[in-house]
Amino acid sequence: MEAEVQATGSCDLCGNFRVSATVLTVRHCVDDDTFTCRLRCPGCARVLLLPVARHVAEQSVRAGGLLELWTLPIEERERGHGMPVSIDDLGELLIDLDRVDVVDVLRESLGMS
Ligand SMILES: [Zn+2]
C-alpha cells in the first residue's frame with residue numbers, strides 16, 4: 001500500500017499544518033510557469049493560496065490533487081518595448097509634475113508641440 005502524500009502549509013491564524021495532498025488544488029500559471037496551491041486551512045477553514053515548488057505541485061497532482069491552469073490578466077501580461085524607467089526618471093517626473101506648464105512640457109517631450 002502506498003503512503004499518503006502529505007503537504008505542509010501555514011495559516012496566519014492557526015500556524016503550521018499538514019494535509020493530504022489530495023485536498024489541494026494545484027494552480028499552474030501558464031504565463032510565468034509558477035505554481036500555487038489553494039486549500040482550506042484545517043483549523044479555521046479559511047481559503048489559503050500558498051506558493052509551491054514545481055516538484056511539490058507535480059507530486060500533489062500525481063497523488064490525486066486537482067490541477068487548474070490559469071493565465072495572468074491581460075494588463076499583467078503586457079510588456080513595454082521602451083527603456084526601463086529608472087529612479088532618476090521618476091525623480092524628474094516628480095519635478096515636472098510640480099511645474100505649472102506640465103502639459104506643455106509633456107507635449108514637447110512627445111513631439112506634439
Ligand atoms: Zn487557519
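This note walks through the predicted model above, point by point.

1. **Ground rules.** The model is predicted, so local features need pLDDT of at least 70 and side-chain atom pairs count only at pLDDT 80 or more, while totals for chains, interfaces and linings use all residues. Residues are numbered from 1 along each chain as its sequence is written, and side-chain values use heavy atoms, with hydrogens and water left out.

2. **The zinc site.** The zinc ion is held by the SG atoms of C11, C14, C41 and C44, at 2.3 to 2.4 Å. Donors here are N, O and S atoms within 2.8 Å of the metal (3.2 Å for Na, K and Ca), and since water is not among the atoms, sites may look incomplete. The angles among the four donor atoms run from 104 to 116°, making the site tetrahedral. For four donors, that label asks for all angles between 85 and 135 degrees.

3. **What the zinc ties together.** Along the sequence, the donor residues follow the spacing C-x2-C-x26-C-x2-C. C11 belongs to strand β1 (residues 6–11) and C44 to the loop between β4 (34–40) and β5 (47–52), so this pair links parts 33 residues apart in sequence. Helices (H or I, at least four residues) and strands (E, at least two) are DSSP runs, numbered from the N terminus. C11 is buried at 3% relative accessibility, whereas C44 is partly exposed at 28%. Buried means under 20% relative accessible area, exposed over 50%, and partly exposed in between, with a 1.4 Å probe and protein chains only.

4. β1 and β2 form a hairpin with three residues between them. The two strands run antiparallel and are joined by six bridges; strands pair if DSSP finds at least two bridges between them.

5. **The nonpolar core.** Which residues make up the largest nonpolar core? The ten are A7, C11, F17, V19, L24, C37, L39, C41, L48 and L50. The elements giving two or more residues to this core are β1, β2 (15–20), β4 and β5. Such a core is a set of buried Ala, Val, Leu, Ile, Met, Phe, Trp, Tyr and Cys residues joined through side-chain atoms within 4.5 Å. Among its members, C41 is also a zinc donor. Leaving aside neighbours within four places in sequence, C41 is in contact (heavy atoms within 4.5 Å) with C11, C14, F17, R46 and L48.

6. **The four-stranded sheet.** An open sheet has the strand order β5-β4-β3-β6, with mixed pairing. β5 and β6 (66–70) stand at the edges with a single partner strand each, so one side of each has no neighbour in the sheet. From one strand to the next, the twist averages 25°; axes are lines fitted to C-alpha atoms, for helices over the stretch in contact, and angles run from 0 to 180 degrees between N-to-C directions. The parallel pair is β3 (residues 25–29) with β6, joined by five bridges, and T25 has L66 in β6 as its bridge partner. β4 and β5 pair in the antiparallel sense over six bridges, with T36 facing P51 in β5 as its bridge partner.

7. **Positive phi values.** Look next at the loops. The hairpin of β4 and β5 has six residues between the strands, and A45 takes a positive phi near 70° there. A45 is partly exposed, with a relative accessible area of 40%. In the loop between β3 and β4 sits D33, whose phi is near 55°, again a positive value in a residue other than glycine. D33 is partly exposed as well, at 41%.

8. Helix α4 (residues 102–109) has zero buried residues among its eight, so α4 lies largely in the open. Just after α4, G111 takes a positive phi of about 70°.

9. V23 lies in the loop between β2 and β3. Beyond residues up to four places away in sequence, V23 touches R38 and L39. V23 and D98 are 75 residues apart in sequence and 55 Å apart in space, C-alpha to C-alpha.

Methods. Tetrahedral: all angles 85-135°; square planar, octahedral: opposite > 155°, others 65-115°.
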